[in-house]
Amino acid sequence: MAKSKVLVVGGTGYIGRRIVKASLEQGHPTYVLQRAEIGLDIEKLHLLLSFKKQGARLVQGSFSDQQSLVEAVKKVDVVICTMSGVHFKSHSILMQLKLVDAIKEAGNVKRFLPSEFGMDPSKMEHALAPGRETFDQKMIVRKAIEDAKIPFTYVSANCFAGYFVGSLSQLDTLIPPKDKVRIYGDGNAKVVYMDEDDIATYAIKAIDDPRTLNTTLYLRPPENILSQRQLVEIWEKLSGKKLEKIYIPGEDFLASMKGMDYVAQAGMGHFYHIFYEGCLTNFEIEEDGEEASNLYPEVKYTRMDEYLIIFL
């Protein structure tokens, strides 16, 4: 069967560039939306040109020109959007509504993967403000997709290793602390840590798979379901150095959010749900979902001891 043609929207972003790479590696004709809005951002331009050298095709388009989006969508079978949904970058989730309209008008898309790639927003109705805005907006996009009867796959990829593993899940760094580590609660809530390249690999695997049509694909490879304490222990074993543990009760963590700016509060709210409530693993995958490592056992996903070696 011929490989689906893929359009990546947000291809220069943190996950988007990995989606482009995985799509090319898995043999899909790959298109990347080149938005006029990049202006003089030469790093994005060079990244786009590097995709072109690798075999991707650049497609001109703009969210301020709806017809250009329609024309871009008409070239492909699958659309994957990776626009940012975090507050400390650009928070662009609702811009996808224009893309949903373009997909509906084009009428040819066999699968749409909207910008999710984190917690499952359908499980986060109780989330703390202001961080809940992310989940509420993702659900608005989901409703638009489903109302338009666009075939979809939602990807719940959980915690990106780049932000949560090298730092041992600390809030203020991306590298392992040298002496002390903050532990959230008792540190035993189970978290799912994912290498970002593996996220892209699983997502591309799913696009032509009938088992993932109109479902949520959960990335929960069993050896990457770890508590924060287990993650710290892996680092201590690798580094040969014990860290002083500072345990932070939930009420103290919440109290520390007061007075912080909007962006900081949003991020800390997400940390609270992950590390105090265990929101990534405190539910069973239901019949409208699939688990990626079960579907694709051939993928040799990165374990977190392998990931942390680079920091030694």
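Pocket, cavity and helix contact

Modeller: Among the residues that line the second largest pocket, five are nonpolar, five polar and seven charged. The model is predicted: local features need pLDDT of at least 70 and side-chain atom pairs 80 or more, while totals for chains, interfaces and linings use all residues. Residues are numbered from 1 along each chain as its sequence is written, and side-chain values use heavy atoms, without hydrogens and water.

Biologist: What makes a residue of this lining charged?

Modeller: Asp, Glu, Lys and Arg count as charged; Ala, Val, Leu, Ile, Met, Phe, Trp, Tyr, Cys and Pro as nonpolar; the others, Gly among them, as polar. The pocket has a volume of about 150 Å³, and Ser-122, Arg-142, Thr-216, Tyr-218 and Asp-288 are the closest to its centre of the 17 lining residues. Strand 10 gives the largest share of the lining, three residues.

Biologist: Why is a space called a cavity rather than a pocket?

Modeller: On a 1 Å grid over the protein atoms alone, a 1.4 Å probe fits in a cavity but cannot get out, whereas a pocket is an open set with protein on both sides within 12 Å along at least five of seven lines; lining residues have an atom within 4 Å of a point. One cavity reaches 30 Å³ or more. The largest cavity has a volume of about 40 Å³, and its lining includes Met-119, Asp-120 and Phe-283.

Biologist: Why is helix 1 called oblique to helix 7?

Modeller: Helix 1 (residues 16-25) and helix 7 (residues 196-206) pack at about 50 degrees. Under 35 is roughly parallel, over 145 roughly antiparallel, 65 to 115 roughly perpendicular and the rest oblique, so helix 1 is oblique to helix 7.

Definitions and conventions: Axes fitted to C-alpha atoms, helices over the stretch in contact; angles between N-to-C directions. Helix = DSSP H or I, 4+ residues; strand = E, 2+ residues; numbered from the N terminus. Points joined across faces, edges and corners; volume = space filled by probe spheres on them.
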